[in-house]
Amino acid sequence: MEFGRTFANSVNATDKFMTTVPEHWSMAEAATILSTYSTVHYGLIKKANLKKAESILIHSAAGGVGQAAINVCKHYKCNIYATVGTEEKKQFLINKYNIPENKIFNSRDILFKNQIIKATEGKGVDVVLNSLTGEKLSAGFDCLAISGRFVEIGKYDMIQNKQLGMYGFVGDIEFIGVAVDAVMMNDHGYFQEFSKWLHKNSMNRCVNPLDYTCFLAKDADKAFKYMTSGKHIGKIVIKLRDEEKERKSFMKIKSVLNRVVTVKTYFNPNKVYIITGGLGGFGLELIPWMQYSGARKFVVTSRS
């Protein structure tokens, strides 16, 4: 397992960022582990100091990080509340993780705020693991109990420099922003700490492979379309080749499959790029990236 390159079929890796795959995991299962459990380990255990039997609200709980958090929190015997976006995902949490139906709420609106307060008899939860944005982020913030910790793993509101009311901090609460990619790049010792924790807990179901949907490499475009639909549960894995029946050292693997790839996205500065709905959140992120990659002329349309 190697951290740092997002999409690649070969990497130049240093041993500081490598660890072995447990024998009882397939390579596809191992692919569901690294980004999800490192986020949970750093956010909940290292920074929020999660304790046994605490209460926690896990947003988008059927996703990769959400499922990883459920596994870790079950190991800690926490009282778990969750939000999901569809009825299918709700049933998945009930069937897969035995989370009671009355502890699963809708992530598409802010009604979960009052439901959490009612379910906890007005106390709120000790920890919120948040990936929601806007008013739903603020609603989750209001769900915290005295001395609670709000663990923010989404970056949208932080990048947009959104404001958050200060009154909640009167209750001795903490706001913890988590950016594991920055931690990995700046604190090389953290990966070793995480990998030791991972291997220590790989047999006790604290760290358990997640549900995933697998696509062949030739169908990578379909994988991305499926991901943007918001219907997937757990992780999406792209399979480059069949797994070897006999485990080999990475030093003995001579080559990988050849693929036709685009090394770098480039936009012609002399062409005009039309972006429909470009004043929304996606457009405001897309335009600076395109400009960085060479684009200079834009036509942006909106509804008003």
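Visitor: How do the axes of helix α2 and helix α9 lie to each other?
Guide: In this predicted model, the axes of α2 (residues 34–47) and α9 (residues 188–200) come within 11 Å and cross at roughly 100 degrees.

Visitor: Why is α2 called roughly perpendicular to α9?
Guide: Angles of 65 to 115 degrees count as roughly perpendicular. The crossing is at roughly 100 degrees, so α2 is roughly perpendicular to α9.

Visitor: Which residues of α2 and α9 make the contact?
Guide: From α2 they are Leu-34, Tyr-37, Ser-38, His-41, Tyr-42, Ile-45 and Lys-46. Helix α9 supplies Tyr-190, Phe-191, Glu-193, Phe-194 and Trp-197.

Visitor: What makes Arg-149 and Glu-54 a salt bridge?
Guide: The cut-off is a side-chain nitrogen of Lys or Arg within 4 Å of a carboxyl oxygen of Asp or Glu. The N to O distance for Arg-149 and Glu-54 is 2.7 Å, so the pair qualifies. Both residues are buried.

Visitor: Where in the chain are Arg-149 and Glu-54?
Guide: Arg-149 is in strand β5 (residues 144–152), and Glu-54 is in the loop between α2 and β1 (55–58). The two are 95 residues apart, and the pair links distant parts of the chain.

Visitor: How do you know that Asp-181 forms a salt bridge with Lys-155?
Guide: Their closest N and O atoms are 2.9 Å apart, and the limit is 4 Å, so the pair counts. Asp-181 lies in helix α8 (residues 180–186) and Lys-155 in the loop between β5 and α7, so the bridge ties together parts that are 26 residues apart in sequence.

Visitor: Why are Asp-181 and Lys-155 called partly exposed?
Guide: Buried means under 20% relative accessible area and exposed means over 50%, with partly exposed in between. Asp-181 has 37%, so it is partly exposed. Lys-155 has 35%, so it is partly exposed as well.

Visitor: What are the exposure classes of Asp-242 and Lys-239?
Guide: Their side chains meet in a salt bridge, 3.1 Å from N to O. At 59%, Asp-242 is exposed, whereas Lys-239, at 32%, is partly exposed.

Visitor: Why is Tyr-97 called buried?
Guide: Its relative accessibility is 5%, and the cut-off for buried is under 20%, so Tyr-97 belongs in that class. Tyr-97 is in helix α4 (residues 87–97). Leaving aside neighbours within four places in sequence, Tyr-97 is in contact with Gln-67, Ile-70, Asn-71, Lys-74 and Phe-92.

Visitor: What makes Ser-293 a buried residue?
Guide: Ser-293 has a relative accessible area of 9%; under 20% means buried. Ser-293 is found in the loop between α11 (281–292) and β10 (297–301). Residues up to four places away in sequence not counted, Ser-293 touches Thr-265, Tyr-266 and Phe-267.

Visitor: Why do Asn-161 and Asp-172 count as exposed?
Guide: Exposed means over 50%. Asn-161 has 57%, so it is exposed, and Asp-172, at 52%, is exposed too.

Notes. Residues are numbered from 1 along each chain as its sequence is written. This is a predicted model: local features need pLDDT of at least 70, side-chain atom pairs count only at pLDDT 80 or more; totals for chains, interfaces and linings use all residues. Side-chain values use heavy atoms; hydrogens and water are left out. Axes are lines fitted to C-alpha atoms, for helices over the stretch in contact, and angles run from 0 to 180 degrees between N-to-C directions. Helices (H or I, at least four residues) and strands (E, at least two) are DSSP runs, numbered from the N terminus. Angles under 35 degrees count as roughly parallel, over 145 as roughly antiparallel, 65 to 115 as roughly perpendicular and the rest as oblique. Contact means heavy atoms within 4.5 Å. Buried means under 20% relative accessible area, exposed over 50%, partly exposed in between (1.4 Å probe, protein chains only).
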